[in-house]
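Here is a short briefing on one protein model.

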Amino acid sequence: MTIETSRRNFLKGASASVAVLAFGATPNGGLASSPVQSSNITPFVKIHADGTVTAIIKHFEGGQGAATGLSTLIAEEMNMELADIQFETAPADINVYSNLFFGFQGTGGSTALANSFMQYRTAGAAAREVMLQAAAIDWGVNASELVLKDGVISGAGKTGSIGEFLSTAAGIEVPAKPTLKAPEEWTQIGNPQKNRLDSSAKINGQAVFGMDIQLDNQMVVAVKRMPKLGSVVSSFDDTASKDVPGFIMAKALPNGKGVVAYAENTWAAFQARDALNVVWDDTNAESRSSADIKEELLAAVNTAPRYQGTEVTLDAANAAIDGAKTVVEREFYFPLLAQAPMEPLSATIAPTEDGGVIMYDGTQNQTGDHQLMHQILGLPMEKIQVKTIYAGGFFGRRFTIDMDYATEVTLAYSMTDGTRPVKLAWSREDDITGGWYRPAFVHKARIGLDEDGKIIGWDHRVAGHAIAKDGLFKDFFVRDDVDHSSIEGTAHSVYAIPEMHVGLTDAGKSTTATYWRSVGHNHNAYVTETMMDVAAAAAGQDPVTFRLAHLNSDSADHQRKAHVLREVAEKAGIGQDLPEGHYHGVAVHKSFGTFCAQVCEISINDRDYVQIEKYTAVVDCGVAVNPDVVKAQVEGGIGYGVGHIMRDEITLEDGAVVQQNFPDYEPLRITDIKAIDVHVVKSNEAPSGIGEPGLPPAGPALGNAIAASGRPAITHLPMIYNGVDFV
C-alpha cells in the first residue's frame with residue numbers, strides 16, 4: 001500500500017520542529033532547557049541518538065486518547081512497540097499541524113484519529129524508509145537487505161540502533177510515497193493489549209496541567225465577571241482588596257467583561273477578586289429567566305418552521321401523516337447545560353528572552369491562541385509560542401467563539417509591564433457561571449404509521465440558538481442559512497422513513513453558547529430514539545424489531561446501524577427474562593461517522609427509586625486504532641451524557657445564573673451506573689470519530705428503559721424534574 005505524501009510539507013515541518021528542540025518539553029511535561037541530540041525525520045517523528053522515538057502530537061490530549069492513538073500509528077509503521085514510543089505536543093504552526101478537517105490547528109469534533117490516520121502512518125513509514133536507507137549507506141549494503149524492528153536495524157550480517165544513523169539520515173530526502181504496512185501485518189493497530197501512554201504520568205502526578213504551571217516570579221490573576229450575562233463594568237473600587245496579603249493591583253478588562261485582580265498566588269487572587277466593589281452597567285444585559293426562555297422556545301416550535309432541513313416539505317409530511325392509521329406526537333425541552341470539566345479553566349503567558357511570549361494552555365485551538373496574542377500584544381507571529389499542555393477534560397468548553405479565557409489572560413498580560421508571567425485561574429464557580437453553555441432547545445415530533453406499523457410520515461420541528469452562525473465553523477455547518485449543527489442526527493436520519501420533514505427555527509439567544517459534547521447530536525438523538533420507542537409501542541412491536549424494520553436497505557449505513565443494533569440486543573439479552581423490577585431500554589445512533597447502539601438495564605426498587613444496573617454498548621468506528629481507548633471513550637460518553645440528563649440544568653433568574661458549584665450542578669456519581677460493557681466491531685472501514693459517539697444514545701436508552709416500566713416517556717429534561725428519583 002502506498003500513499004502520496006508532501007516532501008514540501010515535511011521540510012516545512014522539519015524546519016518548524018527545530019523550535020521544538022530549542023524550547024521543547026520532556027514527556028512528562030517539564031520544560032527542557034537545552035536541545036537534545038535528535039533528528040526530526042518528519043514533522044511528526046523525532047529520533048534521538050539513543051535510539052528512542054518521539055511522536056509529535058498535533059491534537060491536544062484532554063483525556064480522549066489522541067496522544068496514544070497517534071503514537072500507535074507511528075509505532076506501527078516503524079515496527080516498534082507502542083510502549084517504546086514517547087510523545088510530545090506540537091508547537092502552534094498552522095502550516096504544518098493543521099487539523100485536516102478544520103483548516104487550522106485545533107482539536108474537536110471527534111476528528112483527531114479520523115483526520116490523522118493516514119498522515120501519521122505515512123510519517124512513520126517515511127521515517128522507517130529513511131532510517132533503512134541511512135543504514136544501507138553507512139554499511140555499504142542494499143536497503144532491501146535490512147529490516148527495522150524495535151529501534152534496531154539488522155541485516156547483511158550487521159546490527160545497529162537507529163540512533164547511530166542520524167547524521168546520514170539528515171541528508172536523505174524523505175520519500176514521497178512511502179510503503180505502508182498492510183492491515184494483515186499490523187501488530188499495534190487494533191491490538192487491545194496496548195495501554196495508554198499518558199496514564200502513568202497522570203497517575204503518579206508527573207503530568208502537567210494548566211493549573212500546575214508555576215513559573216518563577218509569576219503573578220496569578222482572577223477575574224470578577226458580570227453578575228448578569230451581558231453586563232459590563234461601569235466602575236470599580238479596590239480599597240478592600242488592598243487589605244488582602246499578596247494583592248498587587250486591579251484593572252478593568254478593556255472589553256468591559258470584568259475586573260482583573262493581580263496577586264502573588266491563587267488564594268490571594270481569589271480573595272482580592274471577591275473584595276472588589278464593581279458597579280455594573282446592565283443596559284444590554286440578559287434580563288429573562290429560564291421560564292421566559294422556555295416559553296419563547298415553545299412558542300417558536302409551535303409555529304411553522306423558518307427553515308427546511310430536508311428535501312421533504314412540511315406539506316408532504318403532513319399529507320402523509322393525515323392519511324396515517326395511527327399518529328403519535330410529543331414535545332421535548334432541553335435546558336442550558338454547562339460542560340463543567342473537572343479542571344477549571346486556566347492559562348499562563350510568560351515573557352521570553354527574545355522579547356516574545358509563550359502561552360501554556362491545554363487548548364483546543366492553538367492557531368486561535370497564536371493569532372489572538374498577535375492581535376492583542378502586537379508581537380510578530382514568530383515571537384509568539386504556544387505550549388500545549390494537558391487539560392482535565394474539555395467537552396467543547398475550551399473552544400468558544402470569542403476564546404474567552406485565552407482573551408482574558410492575554411488582556412491581563414497586556415496590562416502589565418511584561419516582565420512577569422501572568423497565570424489566569426478560574427474557580428469552579430467561575431466555570432459554572434461563566435456564561436458559555438449548550439443552548440436550550442425544544443423539539444416537537446409528530447409521526448404517522450400505516451396499518452402494518454411502518455412509519456409513513458414524520459414532522460420534526462426544532463427551535464433553538466443556532467451556534468454555528470456565530471462561530472468558526474459557520475462555513476462548515478451553515479448552508480442556505482440553515483445551521484445544520486442544530487438538526488444533525490435528525491435531518492437525513494439513518495432510518496428508512498418516507499416523507500420525513502425536519503424544520504428549524506432559530507430562536508432568540510438565551511446566552512452565549514458553545515459546543516457541548518456531541519453538539520447537536522446530544523438532543524437530536526434523544527428525540528429521535530425516544531420517538532422510535534413511542535412509535536414502536538403504537539405499532540405493537542418491540543423496539544428492536546421496529547427499528548430493524550426501518551433499516552431494511554442494502555445501504556452501508558443501514559447495514560452497519562442494523563449490525564450494531566442486533567449485536568447489542570444479543571449481548572444485552574434483549575428478549576430474555578429479566579429479574580422482577582428490571583427493564584431494558586435501547587437506542588442506536590450514528591454520529592461523527594460512527595455507529596453506536598446501547599441497551600440500558602434499570603431496576604426500580606420498592607420505594608420507586610431507579611438504579612442503572614448496566615449499559616451494554618456496541619460501537620462500529622471503522623478501524624479501532626486502540627480498542628482500549630475506544631472502550632474508554634464510549635464508557636466516558638455514556639457517563640457524561642447520562643449524568644447531565646439525569647439531574648442537570650443551568651437556570652437563569654433575571655439574567656443571572658442560579659447554579660454555582662457541584663452541590664447544585666451535580667456530576668455523575670460513581671454509584672449511578674453499576675456496570676458498562678462495551679464491544680468494538682472489527683472493521684476495515686476508515687476510522688471515524690470516537691470521542692463523542694458514545695454520548696447520544698445513552699440518554700434515550702435510559703429514558704426508554706424508564707418508559708418500559710410503564711411510566712410516560714420523559715420529554716422535558718432533566719429527568720429528576722419528571723417524577724424520576726435515582727438511587
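**Cysteines, a strand pair and a threonine**

The structure holds zero disulfides (a disulfide is a pair of cysteine sulfur atoms within 2.5 Å). This is a predicted model: local features need pLDDT of at least 70, side-chain atom pairs count only at pLDDT 80 or more, and totals for chains, interfaces and linings use all residues. Residues are numbered from 1 along each chain as its sequence is written, and side-chain values use heavy atoms, with hydrogens and water left out.

- Cys 596 is in no disulfide; the nearest cysteine sulfur belongs to Cys 621, 9.5 Å away.
- Cys 596 has a relative accessible area of 0% and is buried (buried means under 20%, exposed over 50%, partly exposed in between; 1.4 Å probe, protein chains only).
- For Cys 600, the closest cysteine sulfur is in Cys 596, 13 Å away and too far for a bond.
- Cys 600 counts as buried because its relative accessibility is 0%.

**Strands β3 and β4**
- Strand β3 (residues 53–57) pairs with β4 in the parallel sense over five bridges (strands are DSSP runs of E, at least two residues, numbered from the N terminus; pairing takes at least two DSSP bridges).
- Ile 57 has Thr 89 as its bridge partner in β4.
- Four of the five residues in β4 (residues 85–89) are buried.

**Thr 407**
- Thr 407 lies in helix α10 (residues 404–414) (helices are DSSP runs of H or I, at least four residues).
- Thr 407 counts as buried because its relative accessibility is 12%.
- Its side chain reaches the backbone oxygen of Asp 402 at 3.0 Å.

Terms used: A polar contact is a pair of N or O atoms within 3.5 Å; within protein, one must be able to donate a hydrogen and the other to accept it, and residues adjacent in sequence count only if both atoms are side-chain atoms.
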